[in-house]
Amino acid sequence: MNIFISFLVIAISFNRPQFCPNTTWNPIGITFADNNAIGRKPYGMFVNINNTVYVPNRQNSIINVWLEGNSAPIIYSIINSGLYSIFVTSDEDFYFSYGGGGVNKVILNNATILSTVYFNGACWNIFIDTNNSLYCALSSQHQVIKRSLNSSDNNLSVVAGTGCPGFLPYMLYGPSGIFVDINFNLYVADSDNDRIQLFQPGNLNGTTVAGNGAPGTIELSYPVSVVLDADGYLFIVDCQNNRIVGSGPNGFLCIVGCSGGWGSGSDQLFYPYNMAFDSYGNIYVADTYNSRIQKFYVSGNFCNLSTTTNTMGNITTTLQINSLLTTTPSIGNVALTSNQLNVSLNQPRFCALATWNPDGITIADSSKIGPNAISLFITTNNTIYVVESSYDNIQVLLADNGNLLGTISGGVQSPYSIFITSAGDIYTDSTAETGQVNKLLLNTNSNIPVMYITGNCSGLFIDTNSTIYCSVGGLHIVVAKSLYDSLNTSTVVAGTGCSGSLLNMLDSPTGIFVDTNFNLYVADSNNNRIQLFQPGNLNGTTLAGQGAPETIVLNNPTDVVLDGDGYLFIVDSGNNRIVGSGPNGFRCIVGCSGAWGSGPNQ
């Protein structure tokens, strides 16, 4: 990753993925487990951060545990009958509630079962917060009770409900699912009131954040479970509507079981009672009255935001303005404050399991773009600009089909690199001929010099402060200059001017990328590595390749880009491939056959 963050590590054992506003899930589920393994009408379920799935079998008094990738479960026998809910800690000890009114703890290392706490009634759902406090939803008593697991006594405290059913803000009616965030806000699926209630720490008056009493949200019918994603958005098991619903910046929507009725089809649910995310964002559902666990795969997690229109000569482009979103707490969800940044290039966000078709299609060949196409730029409306150094022109294509929109030739001389701003201005170098980086003036066949360079500009980038960067491979440096500065002086921001592999040196740098925090990433080609230079620091940090063990071996990397989460994607030129990083490390994405060639996968 490119951003170094100091933070307090909190032991959270369950998954809270982060989703883009337009994330979707495949409405067709697969049956992860049926009644042969989990018995009839499963209520409880838990998926930990290792994607281990825990499901109690209520009839046989066992707990099934599936490790990720295994089709056969590990089976733990439990002496208690009528298992309801399960919670697994970061130590992989699990707690379960049973019909006799207690909660027991299973220590996996020695298969010991400990009686943890007894409640005067069955815990329909249990939860353990980051302070090691155990919460129990006593549905029949219309309360949520809490007890500290760090204390040896059995003192219980009421954190929601009065013990009598009712609809007032401080009352509950048959509560079931509960969720506690890291700020100790308690979310309760107030089932018979058809609503989700939020109780802030120390406050017995709840706030309705969804359902009955929260106009403009969504209509619920006996909600039984609620979970939060990483941004604090709600996902709800809407039991008697036989569906899963979720919230986001655009409000609530149905996610799974949206046909309008119950059933046993792969796109249907029948009185579901629980849900959980795995680390990839896939949804597991305890489809209780179908006696099965269903898994719904996340099918799209890409961010598209607002657009603005720009006209350049006879070519009209629609440029998306990407946003950085910062979150501040609010009741029931998050308040989003948008910081608009004029980013003109695409930085999609991908799920951890994103893959690409290894067989490419040719959208343009040498007959269209010339024999020496050396650089390209794709705007946020998917218009492609291709630099052809020997023809002194720039070809403009549509990304979806390669259709030629036009040719820009005026003011272009032996270009090596190109950058398009969010305003639609085109910057390219003619350093081989004139030692200049130019801004093209469309429809005039002329240009304005914005930077003077001794040597070829192998990579070009303009950051959100309108600073232009040029990697001068022959001089082993990267230089920068503000476009607002009328002086013709550039500043060295990376390299010493001598080739070398020390942290303050480069050897024939090529591709460069600058993020919104002004961190500079350099494809340090002859050093076979990717270097990060933080603002004002001439000593680089090796992020990938030679000098960064356990990343990936590179051979003459020539370009680097970042996705929406700051993961690296690298043109590994000497290995004839594209590689990328993610939460699971580096892997080959395109050209993974191990050899160069002209096949669709090479």
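Biologist: Where in the chain is the place of Leu353?

Modeller: Leu353 sits in the loop between strand S30 (333-340) and helix H2 (366-369). Helices (H or I, at least four residues) and strands (E, at least two) are DSSP runs, numbered from the N terminus. Residues are numbered from 1 along each chain as its sequence is written, and side-chain values use heavy atoms, with hydrogens and water left out. This is a predicted model: local features need pLDDT of at least 70 and side-chain atom pairs count only at pLDDT 80 or more, while totals for chains, interfaces and linings use all residues.

Biologist: Why does Leu353 count as partly exposed?

Modeller: Buried means under 20% relative accessible area, exposed over 50%, and partly exposed in between (1.4 Å probe, protein chains only). Leu353 has 37%, so it counts as partly exposed.

Biologist: How do I read a strand? Which way do the residues of S5 point?

Modeller: In a regular strand the side chains alternate between the two faces of the sheet. In strand S5 (residues 62-66), Ile62, Asn64 and Trp66 point one way. Ile63 and Val65 point the other way. Five of the five residues in S5 are buried.

Biologist: Which strands stand in the open sheet with S5, and in what order?

Modeller: Two strands pair if DSSP finds at least two bridges between them. The order is S3-S4-S5-S6, with antiparallel pairing. The edge strands, S3 (46-47) and S6, each pair on one side only. Five bridges join strand S4 (residues 53-57) to S5, with Val55 partnered by Asn64. On the other pairing, S5 meets strand S6 (residues 74-77) over four bridges. There Val65 stands opposite Ile74, and Ile62 opposite Ser77.

Biologist: What phi does Ser61 take in the hairpin of S4 and S5?

Modeller: A positive one, near 55°. Four residues lie between the two strands.

Biologist: How many salt bridges does a search of the whole structure find?

Modeller: Side chains of opposite charge can pair when their charged atoms come close. The test is a side-chain nitrogen of Lys or Arg within 4 Å of a carboxyl oxygen of Asp or Glu. The search finds seven. Among them is Asp190 with Arg195, at 2.7 Å, N to O. Asp190 is buried at 0%, and Arg195 is buried at 2%. Asp190 also stands opposite Pro175 across a strand pair. Four bridges join S15 to strand S16 (residues 186-190) in that antiparallel pair.

Biologist: Which parts does the pair of Arg349 and Asp565 tie together?

Modeller: The two side chains meet at 3.2 Å, N to O. Arg349 lies in the loop between S30 and H2, and Asp565 in the loop between strand S47 (557-562) and strand S48 (568-572), so the pair ties together parts 216 residues apart in sequence. Arg349 is buried at 16%, whereas Asp565 is partly exposed at 25%.
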